[in-house]
Amino acid sequence: MPDSPNPPQTKAPTQTYSYLGPAGTFTEAALAQVPGARGQIWRPVNNVSEAFADVVSGRSLAAMIAIENSVDGGVTATQDALASVPNLRIIGEYLVPVNFVLVARPGTTLGDVRVINAHPVAYGQCRNWLERALPSHGHIPASSNVAAASALLDNDQADAAIAPPGIDKHHDLVVLASEIGDNPNAVTRFVLVGRTAELTAPTGADKTSLIIELPSDRSGALLDMLEQFATRGVNLSLIQSRPIGDSLGRYRFVVDADGHILDERVADALLGLRRFSPKVIFLGSYPRADQRKIEFTSRYDDGIFIEARDWLRGLIAGEPTK
């Protein structure tokens, strides 16, 4: 049978996504969870600033960045970059279980290991295992988990490296020990950041991320900020302070609030924040990665807020009260 004169064409990738590379990182594993990124161009970058520069310049549609770890808390480099680069939005969040393996050049045994390459965060999360298995080891900090492993092939300063599982599929290395992380439940939360201002529809299992500056360094300022959420029944799943940097005692707060900006209670809290704070950065409302429905009492239902506004409007309009 003759070949078809018009064979089907394979669609070429049209969008680029940046992520903290190189290949094999936990960040790449997070990007693999994004349906829209499949079959597109994945661009590895060296740091958060480079990833955000790709997004701002239009080189990339979005960038995948780590923002929080269940063991070490918020990733300060990401939080500070989000505060300083305008008009970025968090499109979604993704969770990646975190564990580590110890790898080495072929022919190396665990008894040969004296010095270890490791990213400082990974090193801290494996410290108990290292003290038990290699109590007299030395540590050379690495810029990333994958860089720690690849450096073994570039020089002989270290005998082994802490790296993500599966790294031996990308490099000529052998695994000396698996699951060496001290916390088997460790999870890193990643966010996909872009420039779109379009809101996703509320799902009932959403999160709203904000960066809020206190108006002054005074007693009760933080309480005043928190009350904007508490009086509307909005729970905070993350609150972390970061120095603004212009003077001592000046802080901004990175906040994750349960709910969507289109939820009346969340919208009302944001109005209160805007009246209270000189600077509120809205980072986005997006579905929670764990899909857990937000729970709140009925006094904070959307209808309660709508009825209260209608009541006030009626008073202003001179309508008869019921």
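**Before starting**

The model is predicted, and local features need pLDDT of at least 70, side-chain atom pairs count only at pLDDT 80 or more, while totals for chains, interfaces and linings use all residues. Residues are numbered from 1 along each chain as its sequence is written, and side-chain values use heavy atoms, with hydrogens and water left out.

**The whole chain**

Display the protein as a cartoon. Its secondary structure comprises nine helices and 15 strands; these are DSSP runs numbered from the N terminus, helices being H or I of at least four residues and strands being E of at least two. The C-alpha trace spans about 90 × 75 × 35 Å along its principal axes. Of the 322 residues, 43% are buried (under 20% relative accessible area; exposed is over 50%, and partly exposed lies in between, with a 1.4 Å probe and protein chains only).

**The cores**

Select Met64, Leu102 and Ile162. In the largest nonpolar core, which has 32 residues, these three touch the most other members. Such a core is a set of buried Ala, Val, Leu, Ile, Met, Phe, Trp, Tyr and Cys residues joined through side-chain atoms within 4.5 Å. Next, centre on Leu102: beyond its neighbours within four places in sequence, its contacts include Leu110, Trp129, Ile162 and Ile180 (contact means heavy atoms within 4.5 Å). A second, separate core of 21 residues has Ala63, Ile211, Val254 and Ile281 among its members.

**The largest pocket**

Select Leu20, Thr27, Ala66, His119 and Asn145, which lie nearest the centre of the largest pocket among its 35 lining residues. On a 1 Å grid over the protein atoms alone, a pocket is an open set of points with protein on both sides within 12 Å along at least five of seven lines, a cavity is a set where a 1.4 Å probe fits but cannot get out, and lining residues have an atom within 4 Å of a point. The pocket holds about 720 Å³ of space; grid points are joined across faces, edges and corners, and a volume is the space filled by probe spheres set on the points. Strand 3 gives the largest share of the lining, four residues.

**The cavity and Leu238**

The whole structure has one cavity of 30 Å³ or more, with about 50 Å³ of space in the largest cavity. To find it, select its lining residues, among them Ile67, Gln79, Arg189, Leu238 and Asp256. Then centre on Leu238, in strand 13 (residues 236-243). Is Leu238 buried or exposed? Leu238 is buried, since its relative accessible area is 11%. Leaving aside neighbours within four places in sequence, Leu238 is in contact with residues including Glu68, Gln79 and Val254.

**Backbone details**

Most residues other than glycine have a negative phi, and most peptide bonds are trans. Select Gly21 and Pro22: the peptide bond from Gly21 to Pro22 is cis, with omega near 5°. Pro22 is in the loop between strand 1 (16-20) and helix 1.

Move to Asn87, whose phi is positive, near 65°. Asn87 sits in the loop between helix 3 and strand 5 (89-97) and is exposed, with a relative accessible area of 52%.

Finish at Glu179, which has a positive phi of about 50°. Glu179 lies in the loop between strand 10 (174-177) and strand 11, and counts as exposed at 64% relative accessibility.
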